[in-house]
Amino acid sequence: MVNLDIMYNENEIQKRLTEMANEIDRDYEGRNIVVICVLRGAIYFTVDLTKKMKTHMELDFVRISSYEGTESTGKINLSLDVSENLEDRDVLIIEDIIDTGYTLKFLKEHILAKKPKSLKIAVLADKEERRKVEVDVDYIGFKIPNNYVVGYGFDYNNTCRNLPYIGALK
Ligand code: 5GP
């Protein structure tokens with residue numbers, strides 16, 4: 001069993017997601033956007049956040065891995081690309097966490113090459129103090145300290161994603 005300290009319980013997560021969804025709806029009012037969920041970590045966040053949003057959207061997926069164990073390697077692997085044509089579209093990337101920034105920097109450049117009209121990024125968690133490369137993030141759920149987080153999409157060696165809360169590894 002994994003030993004965790006609960007950081008955010010289900011209610012706290014859902015309350016914050018409602019606030020984020022309202023903010024996103026205000027920013028995209030009247031527009032039809034493409035939401036890109038970054039597999040696998042952002043799956044729970046994407047489902048709950050987009051259900052709270054009223055903005056008209058299409059949902060697409062990329063799959064990226066950059067991690068081995070609990071340390072960022074900086075090596076990025078894109079194993080699934082989007083299916084939609086993103087040219088001249090308003091695109092919102094939904095990612096679980098920004099840590100060193102390597103993953104989102106890579107993904108942002110990859111998506112910008114597809115010539116969207118606009119590109120914004122939402123993350124559930126931000127470990128600001130760990131940043132190695134600068135990436136502008138438009139919506140941040142929780143600013144967190146340098147703990148390894150598990151649950152609500154965040155894995156521990158690819159397990160524990162289905163925990164309904166976010167915990168810090170002890
Ligand atoms: P970055 O490229 O910004 O260093 O890392 C982003 C990726 O690292 C995330 O998509 C996520 O998969 C993984 N990651 C970073 N911090 C954590 C963490 O605390 N817990 C888990 N489970 N994954 C993390």
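Predicted model: local features only at pLDDT ≥ 70, side-chain atom pairs only at ≥ 80, totals over all residues.
Leaving aside neighbours within four places in sequence, with which residues is Leu-169 in contact?

View 1. Apart from neighbours within four places in sequence, the contacts of Leu-169 are Val-2, Asn-3, Leu-4, Tyr-148, Val-150 and Tyr-156. Leu-169 lies in strand S9. The C-alpha atoms of Leu-169 and Glu-10 are 17 Å apart in space, although 159 residues separate the two in sequence.

**View 2. Helix H1, residues 10–27.** At the start of the helix, a side-chain oxygen of Asn-9 comes to within 3.1 Å of the backbone nitrogen of Asn-11. Buried positions in H1 are Ile-13, Arg-16, Leu-17, Met-20, Ala-21, Ile-24 and Asp-25. These buried residues pack against helix H2 and strands S1, S5, S6, S7 and S9.

**View 3. The largest nonpolar core.** Among the 25 residues of this core, Leu-17, Phe-45, Leu-49, Leu-92, Leu-124 and Ile-166 touch the most other members. At least two residues each are supplied by H1, S2, H2, S5, S6 and S7, and H1 gives the largest share, five residues.

**View 4. Contacts of Ile-166.** Residues up to four places away in sequence are not counted here; the partners of Ile-166 include Asp-5, Ile-6, Met-7, Tyr-8, Ile-13, Leu-124 and Phe-154. A second, separate core has 18 residues, among them Ile-64, Ile-111, Ile-121 and Val-135.

Conventions
Residues numbered from 1 in each chain as written. Heavy atoms only, no water. Helix = DSSP H or I, 4+ residues; strand = E, 2+ residues; numbered from the N terminus. Expected span 1.5 Å × (residues − 1). Buried < 20%, exposed > 50% of the residue type's maximum accessible area, 1.4 Å probe, protein only. Contact = heavy atoms within 4.5 Å. Polar contact = N/O pair within 3.5 Å; in protein donor to acceptor, adjacent residues only side chain to side chain. Core = buried A, V, L, I, M, F, W, Y, C linked by side-chain atoms within 4.5 Å.
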